Amino acid sequence: MNQEDKLKILKDILLKDEHEYASSIEVKLKKLEDLINKQNNLSKHIDPILEDKLEAFIKEMPKTLGPTITQTLQEEIKNSQDAVVEALYPIMGKMIKKYVQKEIQILSENINKSLNNTFSWASIKRKFRSKKSGVSQGDMIIHDQFKSKIEQIMVIESGSGLIVSEYSKTEGIDQDTVAGMLTAIKSFAQDAFTTQIQNLEYIEYENYHIHLQNFSNYYIAVVISGAFTATFRSKLEDKLLDFAQNIINKTDLENSDIFNTKLKDYFDNENI
Amino acid sequence: MKISKKIVLIGHFGVGKSSLIRRFVENTFTEDYKVTIGVHILKKEVTLPKSNDDITLVIWDLEGNDDITNTRPSYLIGTNGFLYVFDMTRPATYQSLENDLDYIKDRYPNIPLKIIGNKKDLVTNDFIKQNKDVFGRFVDFYTSAKSGTNVDDVFTNLAEAVIKEAKK
């Protein structure tokens, strides 16, 4: 055994642990290399973490980024109004055009229908009125299209908001709930303006006008479609006054059947 | 002839007035609390079991108020029946019960009034027994809007009392 062999044996004895440790490190490094370099292996480990993080991000995004995005958008719109108008103009323009076209079509169909009913009583009456007043039939028909029309009448007990009587040509709304809400709104307005002398008299709801006429124990709510002109309002007030003073009496208030009949008879042909 | 009666629910904030009405009218319940602002009105038609009368209950759900004297009097005009609701789990909602009831009875002496201890699902029978000094003296019904316990009975019972009062 020469000197070199002896040294080797000595090295093996002294560095055995280090060799084993270096070998294990080498194996681990190899595994890590496999893990990083082979996409399938890596994605198995990374995907669940990414999915969790992404899910958390999606959940938190409205809270964290929402206000920033909203603020940025608001500022952008404010600073670039011309660009926004330019972008929206074609869309809005088309929408409005389409709506106006549709409405004109409906109006035109209604006018045609009216003109075609040459021998109807309404047509003869209109011709006569046209000759007498000098207003063309066409103008009269157009005027009729926008005429105020009573849709519903509700007689409502002042305090409780309960319906005493009701008449409508078309069933559309829940009268009990609407009567209650109208009464609550009236009460609120009275409280808010701290006066019992004044009353809420008018509410506008999209295409409908709600006229409220107040009496001592009850009030009458009239739902009107079409143009609610001052002339129509004045006539309506007179009619409601006449109805309250001359048509109904105190006992009718306790009998909704009689009240309903009187209301229907009086307003069936709108009578205005 | 159609009979309609106005029922008003009063009580502190968050005692479950809206939940009781929703359970009675729609048979639904939600844990989400939405505070009532002003007043909300719903209705339900019921047939009374004893008299067989058909009656429409127009129910006014008033916003909660810790002090009953702050309730808008105009909302209470013409009321045919009151339901006073408190939360059995929150003593603050029934500490002034006696005074509140006196306040209602003074101003509306002939109007039927029922007192309701709500959220029964959150308390035990032992708890009710322990508090019988308050509950036993005043409460007409223990209800749970969540489970529906006694909810229909409360409204039916009040409606019967209202009809009885109207026939006097």
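Trainee: How is the packing of helix 1 of chain B and helix 6 of chain B described?

Mentor: Two packed helices are described by the distance between their axes and by the angle between them. In this predicted model, the axes of helix 1 (residues 17–26) and helix 6 (residues 151–167) of chain B come within 9 Å and cross at roughly 85°. An axis is a line fitted to C-alpha atoms, for helices over the stretch in contact, and angles between N-to-C directions run from 0 to 180 degrees. Helices (H or I, at least four residues) and strands (E, at least two) are DSSP runs numbered from the N terminus. Helix 1 and helix 6 of chain B are therefore roughly perpendicular (under 35 degrees is roughly parallel, over 145 roughly antiparallel, 65 to 115 roughly perpendicular, the rest oblique).

Trainee: Which residues make the contact?

Mentor: Helix 1 of chain B contributes Leu20(B), Arg23(B) and Phe24(B), and helix 6 of chain B contributes Val151(B), Asp152(B) and Phe155(B); contact requires C-beta atoms, placed from the backbone, within 7 Å. By class, four are nonpolar, none is polar and two are charged (Ala, Val, Leu, Ile, Met, Phe, Trp, Tyr, Cys and Pro are nonpolar; Asp, Glu, Lys and Arg are charged; the others, Gly among them, are polar).

Mentor: On conventions, residues are numbered from 1 along each chain as its sequence is written, while chains are lettered from A and ligands numbered from 1 in the order written. As the model is predicted, local features need pLDDT of at least 70 and side-chain atom pairs count only at pLDDT 80 or more, whereas totals for chains, interfaces and linings use all residues.

Trainee: What is the strand order of the open sheet in chain B?

Mentor: Strands of a sheet pair through backbone hydrogen bonds, either parallel or antiparallel. Here six strands follow the order 2-3-1-4-5-6, with mixed pairing; two strands pair if DSSP finds at least two bridges between them. Strand 2 and strand 6 (141–142) of chain B are the edges, each pairing on one side only. Strand 2 and strand 3 of chain B run antiparallel and are joined by nine bridges; within strand 3, Asp61(B) is the bridge partner of His40(B). Helix 1 of chain B packs on this sheet, touching strands 1, 2, 3, 4 (81–87) and 5 (113–118) of chain B, and its direction makes about 35° with that of strand 2. Helix 3 (residues 97–107) of chain B touches strand 4 and strand 5, at about 170° to the direction of strand 4.

Trainee: Is Asn27(B) buried or exposed?

Mentor: Asn27(B) counts as exposed because 10 C-beta neighbours lie inside 10 Å (20 or more other C-beta atoms within 10 Å is buried, 12 or fewer exposed, in between partly exposed, with C-beta atoms placed from the backbone). Asn27(B) lies in the loop between helix 1 and strand 2 of chain B, with phi near 55°, a positive value in a residue other than glycine.

Trainee: How many residues of helix 4 of chain A are buried?

Mentor: Of its 14 residues, the number buried is zero, so helix 4 of chain A lies largely in the open. In helix 8 (residues 175–192) of chain A, the buried residues include Val178(A), Leu182(A) and Lys186(A).

Trainee: How many residues does each chain give to the contact between chain A and chain B?

Mentor: Chain B gives 18 residues and chain A gives 18 residues. On the side of chain B, strand 2 supplies the largest share, four residues.

Note on methods
Two residues are in contact if their C-beta atoms, placed from the backbone, lie within 7 Å. The expected span of a helix is 1.5 Å times one less than its number of residues.
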